[in-house]
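Here is a short tour of one protein chain, written for someone who likes to check geometry by eye. Have your viewer ready.

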Amino acid sequence: MIPLLAHASVETPGLLPAPPMGFNNWARFMCDLNETLFVETADRMVSNGLLSAGYEWINLDDCWMTHERASNGSLEWNSTLFPRGLPWLGEYVKGKGFRFGIYEDAGTQTCGGYPGSLGHEQQDAETFASWGVEYLKLDGCNVSPQGGRTLQEEYEHLYSMWHGILSGMEKPLVFSESAPAYFVNEKSLTDWYKVMGWVPGYGELARHSNDIIVYGGQGSAWDSVMLNYHYNTLVARYQRPGYYNDPDFLIVDHPGLTMDEKRSQFALWASFSAPLIISAYMPDVTEEELAFLTNRALIEVDQDPKAQQATLASRDQSLDVLTRSLANGDRLVTVLNRGSGSTSHSVPVSWLGLSSECAYDAENLWDGSKQKVDGQIKVQLASHATGVYRLHLPEGCETVIPTGLVFNTKSGNCLTEANGSVRFEACKGDESQIWQMRSSGELRPLSQTERCLTARGKAVSLEPCKGDAQKWSYGLSGNLKNDNTESCLTEGLEVLSSCGQEMDSQVFGLPSGVHLFE
């Protein structure tokens, strides 16, 4: 359950009413940073239009400091790298119209081996504020459990302490939490889910998974983008205005990405209302890359005040369809071709929670072109390309039923209607796996909309929609609980069982717009 805290939390979303946009040096330069880099970056972001497009943050990452604290315990910047100092740099970028952010670590050392903040939290927060810093990215390297706490409990202890310090400041800093990333690769995701459950109460954004690949890193850049995309699809239930899931940096000049792949990363992050933090060498960003980074229609989606994260409406071996609602009532549909070849596809509007009896106008957000949609949206995509469409709902057709996959976030398997029964199968992209969740709590597959997911003792089945055994509640924990039996849907057994504490077999992703209980 998200703690009810003041200031830097979802309880006061005004501190960060939209996901942050800006620059961070890490994925492109790692520890190769200095004053000149940030001055040059700020100047170029003014001249190339990124600042005016909304990219307002200039954030330092690791390795900016000296290896030892000063005699009074305070942090010091490396004066060789930053000869005029960080306060000067902060004033410089602010003079250009930017805001200024910095990096530290909750443990004994940063990930790069510099002094961590453990035992110096209040002092470091006051130091940052005195330098004009407005944004803190707090990593979690070199953290060990203390006082009988588990590792997960230790992270919560440290990040809640930071939250208390930041929220007590005259001008609270935007708080970017890296805590979930330290649990994502464990065999069980239970602790990861627990951390994801408390980070929205302590800060404004949280990096939940692996670091995106760095510029000179080993491996496939596209695979790295897809891995962080994958993890972001698992955590939509946590996002709300004031708190944003962070799948890490936009690596727009990475040589391992094609232009379609670069555009896809931007389109997917915008569809998620994720932070848009660029890590690139700004003087080398091309006109073609600037064109998609400054795409006004996609930035409007990213910054939409509803902050609803797109969720999976359908998935097969190569194609993902995601959808969400926007603040003005429009419906977004994003289609990703994960496959190695080009594809033509039609997406039924019923998959998006819309009535097939209505006609819609769909705007292609890449080029502004329009198509009349009468039942289906037609999509043509090259390999690893992404299409994004904004559907305008005409009068009388404004109703949206939350519709999409019900999938286990550990296994990836989809709840499937199979000849009147239900089971979990690999996702295959047809209506037997696409579910409506009605406001009454009924779950209905599009393949048999007159039948509802039903609890009979510990068994689950599909039966004609008519009773209390068909009312379900979706928890922030990811549990899908039957209101009549108070038991939770469990993969593996395909039955109901006692609700555990965020067990892998009981945590599910559901369509955006479903009401959550806490």
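## A right-handed disulfide

The S-S torsion for Cys414 and Cys427 is about 85 degrees, so this disulfide is right-handed. The two sulfur atoms sit 2.0 Å apart. Cys414 belongs to strand β19 (residues 414-418), while Cys427 lies in the loop between β20 (421-425) and β21 (435-437), 13 residues apart. Please keep in mind that this is a predicted model.

Cys414 counts as buried because its relative accessibility is 0%. Cys427 is buried too, with a relative accessible area of 14%.

## Other disulfides

Cys488 and Cys499 form another disulfide, with 2.0 Å between their sulfur atoms. A torsion of about 95 degrees about the S-S bond makes this one right-handed. Cys488 is buried at 0% relative accessibility, whereas Cys499, at 34%, is partly exposed.

Cys31 and Cys63 are also bonded, their sulfur atoms 1.8 Å apart. This pair joins the loop between α1 (26-29) and α2 (35-47) to the loop between β2 (57-59) and α4 (86-95), and its cysteines are 32 residues apart. Cys31 is partly exposed at 37% relative accessibility, and Cys63 is buried at 1%.

The count comes to six disulfides. With bonded cysteines counted along the chain, their pattern is 1-2, 3-4, 5-6, 7-8, 9-10, 11-12.

## Helix α6

Now for a helix: α6 (residues 151-167) has 17 residues and spans 24 Å from first C-alpha to last, close to the expected 24 Å. Its buried residues include Tyr155, Leu158, Trp162 and Ile165. Among the elements covering the buried residues of α6 are α5 (121-130), β4 (135-139), β5 (174-177) and α7 (190-202).

Methods: Residues are numbered from 1 along each chain as its sequence is written. This is a predicted model: local features need pLDDT of at least 70, side-chain atom pairs count only at pLDDT 80 or more; totals for chains, interfaces and linings use all residues. Side-chain values use heavy atoms; hydrogens and water are left out. Helices (H or I, at least four residues) and strands (E, at least two) are DSSP runs, numbered from the N terminus. The expected span of a helix is 1.5 Å times one less than its number of residues. Buried means under 20% relative accessible area, exposed over 50%, partly exposed in between (1.4 Å probe, protein chains only). Contact means heavy atoms within 4.5 Å. A disulfide is a pair of cysteine sulfur atoms within 2.5 Å.
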